[in-house]
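Please open the structure in your viewer and keep the selection tool at hand. The stops below go from the ligand to a sheet and then to a pocket.

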Amino acid sequence: MKIIVTGSLGNISKPLAATLVQQGHAVTVISSQPARQAAIEALGATAAIGTFEDADFLAATFAGADAVYAMVASGYREPDSRVYFQRIGRHYAQAIRQAGVGRVVQLSSWGAHLDHGTGGILGSHDVEEILAELPGLALTHLRPTSFYTNYYGFIGMIKAAGIMGANCGEDVRVALVHPHDIAAAAAEELTRPAGPGRTVRYVASDERTPTEVAQVLGAAIGRPDLRWVAFSDEQMRENLLKNGLPPSTAADIVDIYASMNSGALGEDYWQHRPTLGQVKLEDFAQEFAAAFGNN
Ligand SMILES: NC(=O)c1ccc[n+]([C@@H]2O[C@H](COP(=O)([O-])OP(=O)(O)OC[C@H]3O[C@@H](n4cnc5c(N)ncnc54)[C@H](OP(=O)(O)O)[C@@H]3O)[C@@H](O)[C@H]2O)c1
């Protein structure tokens with residue numbers, strides 16, 4: 001099959017491209033950086049250098065493809081992440097229509113079933129709806145849960161204050177996922193026969209509480225007393241602003257954790273729980289410990 005992978009050599013796209021190449025597919029990887037071409041070719045894929053801000057470039061790249069993995073990179077540097085996701089979603093829709101692509105696996109998120117209250121995830125909801133308008137498309141919304149890799153963002157807090165914390169209670173059950181498990185699910189979806197219509201697939205690797213996360217990561221970095229502290233929404237917002245995040249980004253993050261805390265974010269996930277992937281929190285803790293040592 002000819003398969004297009006967006007997201008360059010990112011957390012999910014690199015293992016995804018490698019898996020598809022290994023399976024014998026003709027894979028094209030889109031990156032915005034010309035300097036990335038050699039590394040993409042070293043994987044055995046073809047590099048298409050351009051941006052998903054350019055719908056014509058996407059359409060030309062998608063021409064003749066059997067399947068497309070469509071992701072939107074983080075919008076945290078955008079003035080309004082929801083507007084940014086909508087814009088890229090429309091570019092994808094235009095390119096898919098122009099190129100006549102029949103199969104798309106869209107990287108979405110848990111919480112994307114909601115159209116309000118989930119902050120930075122609202123854009124994923126909107127992209128789902130934009131792509132669902134394309135007639136005849138075999139469309140899978142791949143909804144991963146919270147990436148383990150988000151915990152890298154807590155390294156500074158652990159080093160400075162000796163705690164982990166956000167505006168989410170310590171005993172709330174959270175579904176977590178490793179990018180490798182997302183890549184495996186994406187590869188399965190891209191290569192299986194699929195008829196027209198819309199399906200949702202959740203992807204998770206483990207289900208744990210923030211207290212357990214702090215214990216497991218703490219043990220791995222030699223801080224067995226590390227604990228999770230639940231902040232109020234206001235404390236969380238102040239911390240993020242103090243760390244230099246723009247107010248709109250801070251609001252997006254506060255809303256994600258608040259909806260995780262209330263249960264709204266995960267309500268549809270818990271009704272459609274997938275078989276869990278292979279990478280457990282204890283496995284990720286080894287990667288976390290390596291990153292912690294290097295920071
Ligand atoms: N964090 C979570 O808990 C969570 C949960 C659910 C879903 N998600 C979704 O997962 C996404 C991140 O996936 P990921 O971690 O695999 O991505 P990633 O590692 O951040 O990689 C994305 C890559 O996309 C490329 N890119 C950025 N802007 C581009 C542009 N304008 N045109 C073309 N390529 C561009 C960049 O590579 P180049 O520099 O080479 O272009 C970047 O490295 C989020 O945006 C969110 O939608 C996240």
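Select the ligand first, together with the 25 residues around it, among which S8, S31, S32, R36 and V72 come nearest; a residue belongs to this shell if one of its heavy atoms lies within 4 Å of the molecule. This is a predicted model, in which local features need pLDDT of at least 70 and side-chain atom pairs count only at pLDDT 80 or more, while totals for chains, interfaces and linings use all residues. Residues are numbered from 1 along each chain as its sequence is written, and side-chain values use heavy atoms, with hydrogens and water left out.

Sorted by class, the shell holds 9 nonpolar, 15 polar and 1 charged residues, where Ala, Val, Leu, Ile, Met, Phe, Trp, Tyr, Cys and Pro count as nonpolar, Asp, Glu, Lys and Arg as charged, and the others, Gly among them, as polar.

The side chain of N11 places an N or O atom 2.8 Å from an oxygen atom of the ligand, whereas T51 has a polar side-chain atom 3.0 Å from a ligand nitrogen atom, and F52 brings a backbone N or O atom to 3.0 Å from a nitrogen atom of the ligand. Of the 940 Å² that the ligand exposes when taken alone, the protein buries 79%, with accessible areas computed by the Shrake-Rupley method with a 1.4 Å probe.

Now move to the open sheet, whose 3 strands follow the order β7-β9-β11 with mixed pairing; strands are DSSP runs of E, at least two residues long, numbered from the N terminus, and helices are runs of H or I of at least four. Two strands pair if DSSP finds at least two bridges between them. Because β7 (146–147) and β11 (206–208) each have a single partner strand, they stand at the edges, and one side of each is left without a neighbour in the sheet. Strand β9 (residues 174–177) runs parallel to β7 and is joined to it by 2 bridges; select F147 to find its bridge partner V177 in β9.

Finally, select D181, A184, A185, E188, R201, Y202, V203, A204, P274, T275, G277 and Q278, which line the second largest pocket. α7 (179–191) and β10 (197–203) each supply at least two residues of this lining, and α7 gives the most, with 4.

Definitions and conventions. A polar contact is a pair of N or O atoms within 3.5 Å; within protein, one must be able to donate a hydrogen and the other to accept it, and residues adjacent in sequence count only if both atoms are side-chain atoms. On a 1 Å grid over the protein atoms alone, a cavity is a set of points where a 1.4 Å probe fits but cannot get out, and a pocket is an open set with protein on both sides within 12 Å along at least five of seven lines; lining residues have an atom within 4 Å of a point.
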